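User: I am new to this structure and would like to go through it in short questions. Please start with the terms and then turn to the chain.

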Amino acid sequence: MVFSQPDRYISLLTDFGFKRVFGSEPNKRLLIDFLNTLLPQRHQIRDVTFKNLENLGATTIDRKAIFDIYCEAENGELFIVELQKVKQNFFKDRSIYYASFPIQEQAQKGEWSYELAPVYLVGILDFVFDDHQNDPTFLHIVELKDSYCRVFYDKLKFIYIELPKFRKTLEELQTHFDKWLFLFRNLPQLYEPPQSLQEEVFEQLFEVAEIANFTVAENRSYQASLKVYRDWYAIEMTARQEALEQGLQQGREEGAKEKAISIARSLLGILDIETISQTTGLSMAEIEQLQQQ
């Protein structure tokens, strides 16, 4: 009997793993390092302060908006980092809605010039947008532009990473950003840190992500989070398979119908309508319509 080897490292795509690595004060260096791979050199951040994850909105609905990670850089820039494991209808709409909270909370009482700090929403997606299926680009940086494609407002940015499109192997990794995405996709499959990932920041990541270092309570929380992730993944794969089978069946039925129509056309003028109907399985009304055409 062959026993599979248990994972040594957690999955960053679980809620527990994502927040353990990126959402805690002791490990914020990891979050800073990852965010800096998404920012231009002139906007690199040195420190962040974690803010209240639950939005304190004006209405009951607003207060139910809970962010995965919400932080402020030392220069005042605000970051919302969201991990989205399964495809969700209107996720782009949700992004706009979430980005509105750090904008609104900047309002000041009394005299105020309306000057706003920059807001970034980073979406790490374990799915591909429907309208991007045939686009190999996996990093999308979205800004508000005018009709001439000039940046109209540079303080609001949406950054989306479609992880399923990233398929580089260890040997193909070139940039620091590549290495982060590789770890997002493959960390649980590693049994020891690869040579190409033996950098100081990743050494901290491997230590934080090693399951053997967990307390009993932490391990229990991680296993529960892993089960939720696997259940969601199984549901999505089942839905995809059912959709594929339904499409194939529909294709077979449409193919058979087209073949029957072709045969019926060839028999028009040779056999009567009733006989053609019995031969092809088409209704007499369908054959009469072919006859008219």
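Analyst: Buried means under 20% relative accessible area, exposed over 50%, and partly exposed in between, with a 1.4 Å probe and protein chains only. Helices (H or I, at least four residues) and strands (E, at least two) are DSSP runs, numbered from the N terminus. This is a predicted model, where local features need pLDDT of at least 70 and side-chain atom pairs count only at pLDDT 80 or more, while totals for chains, interfaces and linings use all residues. Residues are numbered from 1 along each chain as its sequence is written, and side-chain values use heavy atoms, leaving out hydrogens and water.

User: How many helices and strands does the chain have?

Analyst: From the N terminus on, the elements run α-α-β-β-β-α-β-β-β-α-α-α-α-α. The count is 8 helices and 6 strands.

User: How many residues of strand β4 are buried?

Analyst: In a regular strand the side chains alternate between the two faces of the sheet. In β4, Val119, Leu121, Gly123 and Leu125 point one way, Tyr120, Val122 and Ile124 point the other way, and all are buried. For β4, residues 119-125, the number buried is 7 of 7.

User: Which residue in β6 stands opposite Ile124?

Analyst: Two strands pair if DSSP finds at least two bridges between them. β4 pairs with β6 (residues 151-162) in the parallel sense over 7 bridges. The residue in β6 opposite Ile124 is Ile161.

User: Which hand does the unit of β3, α3 and β4 have?

Analyst: Strand β3 (residues 78-84) pairs with β4 in the parallel sense over 7 bridges, and Glu82 stands opposite Gly123 in β4. A crossover is right-handed if, with the strands pointing away from the viewer, the path from the first strand over the helix to the second runs clockwise. With helix α3 (residues 91-104), the β-α-β unit is right-handed.
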